[in-house]
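Q: I have a structure open and would like to go through it piece by piece. Can we start with how the strands sit together?

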Amino acid sequence: MAELEIKGLTVAVEGKQILAGLDLAVAKGETHALMGPNGSGKSTLAYAIMGHPAYQITGGQVLLKGTDVTELTPDERARMGLFLAMQYPTEIPGVSLTNFLRTAVNATSETDMPVRQFMVALRRHMADFQMDEKFLSRNVNEGFSGGEKKRFEILQMAMLAPEIAVLDETDSGLDVDALKIVSEGVNRLRGPDLGVLIITHYTRILRYVRPDYVHVMFEGRLVQSGGPGLAEELEEKGYEHLRP
Amino acid sequence: MTETIKDLSEQGVLTLSARAGEPEWLRDLRQEAFKAFSDLDWPDRRVGEDWRYTDPARFDLARPILDSGTAAPAVESALVASVDDRAGSIRIIDGGVTAATVCAEAAERGVIVSDLAVAAGEHPDLVRAALGTAVGTDEKFAALNLAAFTAGAFVHVPAEVELDEPLTVTVQAAAPGAALPRVLVVLGHNAKATVYVDHVGDAAQTVVEVVEVVVGEGALANVVTAQDWGGHVDHIAAHTGLVHSNGDYRHFEITLGGRTVYVRPDLKLDHRGGNGELLGVYFCDEGQHVEHRSLIHHNASHTSSNLLYKGALQGECRATFFGNIRIEPHAKATSSDQTNRNLILTDRAKADSIPFLEIENSDVVRCGHHSSIGQVDELQLFYLEARGIPRPEAARLLVFGFFGEVTDRVDLPGVRETVLGEVEREILSGPTTLMHQRRT
C-alpha cells in the first residue's frame, strides 16, 4: 500500500478550479519528483495535501496509510506522519525556534521528550545544516535569509521524522552551496521508512537528490510519468512539448 | 466619612486632614487642590478628546468615600506574591494603610516605606518637595485625589542607595464605596529601586488613584503597576513618572482585571538627558472596558522615550490606547518612539489605537509611531498546525509570542512568568475563544 495516495483530486482556490483530477501514489522508500511549469498547480497540491484552509478539496481523496485525511486538520495530518516543507516559510515573531520545535516534536511524537535529549538532537541537526548556535534563541524564520529558511525547513523535517515528506520548491531561491546543504540533508533522511515528494520547477535539485520517479503536471493533472530520465529530457526540451 | 465624591465639600477635606493629624502645609495643599477640583468641570463625552472612548458614567461618584482601612484578609496578586525577598512593603485596604514594613538593611540605609500622612509629619521636607509635582491638579480626578486622598503610601530611596530587592505596594478593594489611594515614590540622585504596585480585590468600588514617581538625577526607577482587580472595580488612575537630569524611569503597566480601567501612564521629561520607557500589556475580556491614555512630555533637550503597549481582546469588551508625544520647542535633540499593537481573539471585541504626535521643533533625532489592530495570523497558525501543533496550542504560542516582545524587555523578578501565566489563564477561561474554535 502506498503511504500517500492521491485519487482523482480536484481542488479549488477562491472558487477557481486548480487541480482537475490528479492521481499520484508515493510509497515508503520512494522519492518522486513532481515537475511542471508555473501555474500548473504544483503548490496547490502541496497545500491541499497538508490541509491549508484556503485550498478547498472539491472531489477525490488524499489517503495517508489508507485513511482519507481530507476532513482532518493540518495538525492531525502532521501527527499521522505527513510533513510539508514550505515554499515560503512563515515568520513567527516572539516564538523562539527552540520553543517552537520542542512543541512540534512533542506534538507529533505525542510524548514529552526530555529537554536534554531534545537539545542534543537539535544541536546535532543544526550542525548538519550548518546553522549557528545563535539560531536557538532566534524567533521562527524571523529575519532569516531565503537560504536559512529552507535549511530550517529541512531541519524540521529531520527533527520530526515524518513518513511522507512533501518538499514544495525547497530549491527555489537557493545558491549552489545552500542547495547542496539542503540536498545532503534530504539524502540523509531518505531511507526505507520515508517517502518523499519533491515539487520543483527546475531539474537542478534532482542532480543532488536523485528521484526514483518523475511526474510532469500541466493544468492541474499529470500528463506524463517516468523514471529519472524524464527529468533529463525536460532539461533539454522544456515543458512545452508535453502541453496536452 | 459620609460624603461621596459627587458631594465632596471643603469641610470634608479639612476634616479628613485633621483626622489624619496632618501638618498645616499638607492641609493647605489639599485646600488648594480642592479649589482646583471645584473649578474643573466633570468629564463630558461631548467636550474634548479625553472621554471620547470611555463613558465617565462608568465611574459611580455617588458611592461614599472610604476613609479608613478595612479589616479584611490581605490579598496579593500573583505578581507580588511571586516576590519572596522584598526591601519593604506597604498595604492599603480601602481608605487606610494597614501595614508598612521596611527590611532592616534597607532601613539602615535610610529607605522609608511609610503611610503618607505619617511621613508628611516625620519627613516634611522630603514629602513636601515631591507631593503633587508629578501629578498635579490640572485634571478633575487628579485634583480630586490630591484634595481628598484617604490613604497614601510613601516610598523614599535616598541618594546613591541601590536596592536589589523590590519594594511592594498593594492597593486592595475590600468594602464597597469610593477609594482614593495615592502612592508617592521618590528616588534621590543616583538611587536605584524597583517598586511593584498591585491592585487587587473585588468590592464594588470606584477607585480614583494617583501613583507619582519622582526620579532623581541619574536615578533608575523600575515601576510595575498591575491591575489585577475582580470584575466589580472601576479604576481611574494617573501613573506618572517625573524624571530629573539623566534619570531613567522604566514603567511596566499590566492590566488584566477590573470592570473599567482608565489609566494615564504619563511621562514627564522636564530635565535634560532624562529617559523613559513605558511598557504595557493588557488582556481585555468579556465585560471589560480598558483605556490607556498616555502623554509623553519632552520638556527638555536630549530626552528620550520609548513606548510599547500590546493588548489582546476576547469576548464583548473594548480596549483603547491613546498615546500622545509632545515635544516642546526648547526640547532639542530628543528621541521618541511609540508602538501600540492589538490582537483581537474573538468577534465582538473592539480595539481603538490612536497614536498622536505634537512636535514643536525641527531638531528631533527620532520620533516615530506605529499602531495596529489585527487578528491572529492565519498563515502563522497554519505553519504551526502543519508541524503537528493543535490549533489551541498554536494560538497560545502566537499570543505568548505577541506579548513576549514586551515581557522580554523586562528583567524583573516574577514579571515575565506572571504575565504569561495570567494571559494563559485568561485565554483558557474565555468561553468562546479562538483556543476552542475548530476550523469551519
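A: Strand 10 and strand 12 of chain B pair in the parallel sense over 8 bridges. Two strands pair if DSSP finds at least two bridges between them. Helices (H or I, at least four residues) and strands (E, at least two) are DSSP runs, numbered from the N terminus. This is a predicted model, in which local features need pLDDT of at least 70 and side-chain atom pairs count only at pLDDT 80 or more, while totals for chains, interfaces and linings use all residues. Residues are numbered from 1 along each chain as its sequence is written, and chains are lettered from A and ligands numbered from 1 in the order in which they are written.

Q: What is the bridge partner of B:A221 in strand 12 of chain B?

A: The partner of B:A221 there is B:Y249.

Q: And how does strand 8 of chain B pair with strand 10 of chain B?

A: Strand 8 (residues 192-201) of chain B pairs with strand 10 of chain B in the parallel sense, over 8 bridges. In that pairing B:K192 has B:L220 as its bridge partner in strand 10.

Q: Why is strand 10 of chain B largely enclosed?

A: Of the 8 residues of strand 10 of chain B, 7 are buried, so the rest of the structure largely encloses this strand. A residue is buried if 20 or more other C-beta atoms lie within 10 Å of its own, exposed if 12 or fewer, and partly exposed in between, with C-beta atoms placed from the backbone.

Q: What's the strand order in the open sheet of chain B?

A: The order is 2-1-5-8-10-12-14-16-18-20, which makes 10 strands with mixed pairing. Strand 2 (96-102) and strand 20 (364-375) of chain B are the edge strands, and each pairs on one side only. Neighbouring strands of this sheet are turned by 5 degrees against each other on average, direction ignored. Axes here are lines fitted to C-alpha atoms, for helices over the stretch in contact, and angles run from 0 to 180 degrees between N-to-C directions.

Q: How do strand 1 and strand 2 of chain B run?

A: They run antiparallel, and 6 bridges join strand 1 (residues 88-93) to strand 2. B:I90 stands opposite B:A100 in strand 2 of chain B.

Q: Which strands does helix 9 of chain B lie across?

A: Helix 9 (residues 391-407) of chain B lies across strand 14 (275-284), strand 16 (304-313) and strand 18 (334-344) of chain B, at about 160 degrees to strand 16. Helix 10 (residues 415-429) of chain B lies across strand 10 (220-227), strand 12 (248-255) and strand 14, running at about 25 degrees to strand 14 of chain B. Two residues are in contact if their C-beta atoms, placed from the backbone, lie within 7 Å.

Q: Where is B:A395, and is it buried or exposed?

A: B:A395 is in helix 9 of chain B. With 23 other C-beta atoms within 10 Å, B:A395 is buried.

Q: Last one, chain A. What is the order of its open sheet of 4 strands?

A: The order is 2-1-4-5, with antiparallel pairing. Strand 1 (residues 4-13) and strand 4 (residues 55-64) of chain A are joined by 8 bridges. In strand 4 of chain A, A:L63 is the bridge partner of A:E5.
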